[in-house]
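Work through the following exercises with the sequence and the three-dimensional model side by side. Each task is followed by a solution that goes step by step.

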Amino acid sequence: MSWVNAGLADRRPVSNGARRKGRIVAGSPFTHPPGGRPPARGVRRWERPSARSVSMARTFDRRLAARIVCDIRLSCVGDANMDNPLSVEASLFDLPLDAVHVWYLFTDRVTDPQVLERYANMMSTEERVRRDRFIFPKDRYQFLVTRGLLRTLLSRYARIRPEECVFVMNRYGKPSLHYWGSATAGLEFNVSHTNGLVAIAITSGREVGIDVEELARAHSDLDVRRFFSTAEVRALEALPPTEQRSRFFDYWTLKEAYIKARGMGLSLPLDRFSMHLHRNRRPTIEFAPPIDDDTSTWQFVQFEPSPRYRMALAIRRRGTDLTVRIKEFDVKDETA
Ligand SMILES: CC(C)(COP(=O)(O)OP(=O)(O)OC[C@H]1O[C@@H](n2cnc3c(N)ncnc32)[C@H](O)[C@@H]1OP(=O)(O)O)[C@@H](O)C(=O)NCCC(=O)NCCS
């Protein structure tokens with residue numbers, strides 16, 4: 001099973017797999033120097049790490065420099081092709097430093113009781129409490145699958161057990177993985193879920209945000225003028241009414257992805273930055289005071305996991321674009 005590479009495509013299907021499973025609607029290719037930073041210090045604990053994990057993290061701390069060098073070499077070189085290291089990917093869960101992996105899962109498709117039980121067993125006490133607060137079984141189920149997928153994926157990238165993932169939140173609630181040895185250093189992720197779909201973006205050492213929305217969701221009751229910039233409202237209203245709904249979700253998901261990548265919630269005013277959609281190239285962003293950011297550092301990708309959903313990804317790059325790979329998660333991938 002292969003990745004959908006969101007490299008060069010712009011509103012074009014990119015492969016048979018992509019045709020079947022979704023459509024890349026923007027993106028571009030990439031390379032960039034190694035990065036990597038541990039999750040921010042001074043963050044609020046979401047779940048308290050055990051004494052054992054703290055002690056192991058300290059041990060790893062002493063070896064960090066050497067291990068990072070080793071990890072970088074492994075990520076870049078892979079198995080064989082030294083001349084073209086970027087062409088090599090040892091497994092689905094090898095994350096080159098110049099890449100973003102996006103996994104999505106239609107939650108209703110996870111029906112195997114053994115998988116659901118495994119996901120339930122991975123959860124922390126705090127997650128169980130959160131799950132039990134949901135009134136409707138479908139929400140409890142969606143939460144369970146989301147947490148199970150997140151823990152499963154992170155455990156594969158970080159080479160720890162799913163139940164060993166410990167999350168910390170910044171002051172605006174953005175979760176990150178608590179440092180747990182060199183493999184977790186710099187591992188960044190973001191989660192988005194909507195009715196029947198969860199998407200998770202994973203990358204190394206850079207800000208990343210993802211948003212998915214179900215197009216069936218009513219947008220007429222949303223105050224576009226409150227959420228969108230003047231330029232976006234103008235662009236939306238210039239479209240024929242039949243195209244406005246789809247474009248509305250383009251803006252919505254892109255803006256959310258940016259907000260989520262920054263991790264500052266609605267302290268960033270939604271009407272003070274504008275997304276610009278172009279026919280033959282990826283979306284761009286423009287800022288107005290008080291948002292002080294560099295437009296050239298942002299890479300946006302849009303994708304349709306199915307006609308029912310819209311997805312957008314925002315990544316802070318350094319230099320040229322990153323490689324974005326998008327894949328529907330299959331429970332069988334857990335053992336890949
Ligand atoms: C808090 C926020 C992340 C909610 O986003 P959302 O679209 O409702 O929900 P999503 O499913 O995309 O994301 C939720 C996940 O994002 C993550 N998250 C939480 N706070 C976050 C933050 N400050 N930054 C980034 N990610 C965050 C969590 O993993 C969360 O999952 P969880 O609820 O299972 O813990 C935030 O972006 C928000 O409130 N946005 C305002 C929504 C709005 O009015 N948008 C207008 C349209 S442009």
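Predicted model: local features only at pLDDT ≥ 70, side-chain atom pairs only at ≥ 80, totals over all residues.

Residues are numbered from 1 along each chain as its sequence is written.

**Exercise 1. The whole protein**

Task: State how many helices and strands the protein has, and what percentage of its residues count as buried.

Solution: Begin with the secondary structure, where helices (H or I, at least four residues) and strands (E, at least two) are DSSP runs numbered from the N terminus. On this basis the protein has eight helices and 14 strands. Next comes burial, for which a residue is buried if 20 or more other C-beta atoms, placed from the backbone, lie within 10 Å of its own, exposed if 12 or fewer, and partly exposed in between. Of the 336 residues, 40% count as buried. Finally, take contacts, meaning pairs whose C-beta atoms, placed from the backbone, lie within 7 Å. Among contacts between residues at least 6 apart in sequence, 62% join residues at least 24 apart.

**Exercise 2. Two helices against α5**

Task: Describe how α4 packs on α5, and then how α3 crosses α5.

Solution: Two packed helices are described by the angle between their axes and the distance between the axes. Here the axes are lines fitted to C-alpha atoms over the stretch in contact, and angles run from 0 to 180 degrees between N-to-C directions. Angles under 35 degrees count as roughly parallel, over 145 as roughly antiparallel, 65 to 115 as roughly perpendicular and the rest as oblique.

Step one is the pair α4 (residues 125-133) and α5 (residues 137-158), which pack at about 155° with their axes 8 Å apart. That angle makes α4 roughly antiparallel to α5. On the α4 side, Glu127, Arg130 and Arg131 meet Arg140, Phe143, Leu144 and Arg147 of α5. Sorted by class, this contact has two nonpolar, no polar and five charged residues, where Ala, Val, Leu, Ile, Met, Phe, Trp, Tyr, Cys and Pro count as nonpolar, Asp, Glu, Lys and Arg as charged, and the others, Gly among them, as polar.

Step two is α3 (residues 113-122), whose axis comes within 9 Å of that of α5 and crosses at roughly 75°. That makes α3 roughly perpendicular to α5. Leu116, Tyr119, Ala120 and Met122 in α3 meet Leu144, Val145, Arg147, Gly148 and Arg151 in α5. The classes in this contact are six nonpolar, one polar and two charged residues.

**Exercise 3. The shell around the ligand**

Task: Find which element gives the most residues to the shell around the ligand.

Solution: Count a residue as near the ligand if its C-beta atom, placed from the backbone, lies within 6 Å of it. There are 21 residues around the ligand, and the closest are Tyr172, Gly173, Lys174, Ser192 and Lys260. The elements that give two or more residues are β7 (187-194), β9 (208-214) and α8. Of the elements, α8 gives the most, with five residues. By class, the shell divides into eight nonpolar, eight polar and five charged residues.

**Exercise 4. Buried or partly exposed?**

Task: Decide whether valine 145, glutamate 232 and glycine 265 are buried or partly exposed.

Solution: Valine 145, in helix α5, counts as buried because it has 21 C-beta neighbours inside 10 Å. Leaving out residues up to four places away in sequence, valine 145 touches Leu105, Thr107, Val110, Tyr119 and Val198.

Glutamate 232 lies in helix α7 (residues 230-237) and also counts as buried, with 27 C-beta neighbours inside 10 Å. With residues up to four places away in sequence left out, glutamate 232 touches Tyr251, Ser274 and Met275.

Glycine 265 sits in the loop between α8 (241-262) and β10 (273-276), and is partly exposed, because 13 other C-beta atoms lie within 10 Å. Beyond its neighbours within four places in sequence, glycine 265 is in contact with Tyr172, Gly173 and Ile259.

**Exercise 5. Backbone exceptions**

Task: Identify which residue has a positive phi although it is not a glycine, and which two prolines a cis peptide bond joins.

Solution: Most residues other than glycine have a negative phi, and most peptide bonds are trans. Arginine 159 has a positive phi of about 55°, and its place is the loop between α5 and β5 (167-169). The cis bond joins proline 289 and proline 290, with omega about 10°, and proline 290 is in the loop between β11 (284-287) and β12 (298-304).

Note on methods: Contact = placed C-beta atoms within 7 Å. Near = placed C-beta within 6 Å.
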